[in-house]
Amino acid sequence: IGMIEDDAQLASILARQLGRFEFAPHMVDCYGDIVEEIRQLQPHAILLDVNLPQYDGFYWCRLIRRVTRAPIIFVSARNAGMDQVFALENGGDDYVIKPFDVDVLVAKLRAQIRRAYGAYAVETATVTPTDSSIACGALRLNTRRMEIAFAHQVSVLTKTETELMRQLMEAAGDVVSRDTLLGALWDDTDFVDDNTLTVNVTRLRRKLASLGLDDIIRTVRGVGYQLSLAERAD
């Protein structure tokens, strides 16, 4: 586990606690070349603070995403809703507010690691390029490369956005309930804030809008979400 935290005392305490759960935490030098250290370390997951020397965690998350797809969980005392939105929009996978329950943080870590490296990850990594592609008209999702393409344009997705898009595309225009999406996206739904799904849908909508697909994901109040078949036509 790569830990990017400038509070040495807090980082040391957290490292000891994570060690009790058989994690192997590695302290990243916040004053050094963070991206290069992560590239060399290649951790299975990353804990990232927001308030850091020189640049904030949102900036570093964007750069870290260029060298690894490991799950990134922000751990910060900043509890504003927009901070959590920025974390997800800049490549983060989850957000934990300090002070936190270590058991909850460990559960989130384990869930993200299972998601990235467990049975689902093995399955998607071994399929053929044809099997990893889902098409709806001119809209094409490549689950292996985590890319969505439309009208000769491509947008890179996070693994959460990829699974969310897969669920909606495979429903072929039917409504997918929020409970179904929560269960498909996160293993431990007891520790997932329902607002996290809303934030991910919003982020996915923006990436689709950049491809010229505005309002392709429709909200069905009280139920879930639906992919508009009309918007997927050539």
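## A tour from the cavities outward

A cavity here is a set of points, on a 1 Å grid over the protein atoms alone, where a 1.4 Å probe fits but cannot get out, and lining residues have an atom within 4 Å of a point. Volumes are the space filled by probe spheres set on the points, with grid points joined across faces, edges and corners.

Before you click further: this is a predicted model, so local features need pLDDT of at least 70, side-chain atom pairs count only at pLDDT 80 or more, and totals for chains, interfaces and linings use all residues. Residues are numbered from 1 along each chain as its sequence is written, and side-chain values use heavy atoms, with hydrogens and water left out.

**Stop 1: the largest cavity.** Select M3, I4, E5, L10, L14, L47, L48, D49, V75, K98 and F100, which line the largest cavity. Strand β1 (2-4), helix α1 (8-20) and strand β3 each give two or more residues to that lining. Helices (H or I, at least four residues) and strands (E, at least two) are DSSP runs, numbered from the N terminus. The space inside is about 80 Å³. By class, the lining has eight nonpolar, no polar and three charged residues; Ala, Val, Leu, Ile, Met, Phe, Trp, Tyr, Cys and Pro count as nonpolar, Asp, Glu, Lys and Arg as charged, and the others, Gly among them, as polar.

**Stop 2: a cis peptide.** Now pick K98 and P99: the peptide bond from K98 to P99 is cis, with omega near -10°. You'll find P99 in the loop between β5 (94-97) and α5 (102-117).

**Stop 3: I72.** Go to strand β4 (residues 72-76), where I72 lies. I72 counts as buried because its relative accessible area is 0%; buried means under 20%, exposed over 50%, and partly exposed in between (1.4 Å probe, protein chains only). Beyond four places in sequence, I72 touches I46, L48, C61, I64, R65, G91, G92, D93 and D94, a contact being heavy atoms within 4.5 Å. Draw a C-alpha distance from I72 to L48 and you get 6.9 Å, for residues 24 apart along the chain.

**Stop 4: helix α7.** Select residues 159-170, the helix that holds E161. Is E161 buried or exposed? E161 is buried, at 0% relative accessibility. The C-alpha atoms of L168 and Q226 sit 6.6 Å apart, though the two are 58 residues apart in sequence.

**Stop 5: two positive phi values.** Q54, in the loop between β3 and α3 (57-64), has phi near 70° and is exposed at 61%. D215, in the loop between α9 (194-209) and β11 (217-220), has phi near 60° and is exposed at 62%.

**Last stop: colour by confidence.** The chain averages a pLDDT (the predictor's confidence in each residue, from 0 to 100) of 82, with 88% of the residues scoring at least 70. Strand β3 (residues 46-48) has the highest mean, at 94, and helix α6 (residues 119-126) the lowest, at 38. Over residues 119-131 pLDDT stays under 50, and the model has eleven contacts there beyond four places in sequence.

Terms used. 1 Å grid on protein atoms, 1.4 Å probe; cavity = no way out; pocket = protein on both sides within 12 Å on 5 of 7 lines; lining within 4 Å.
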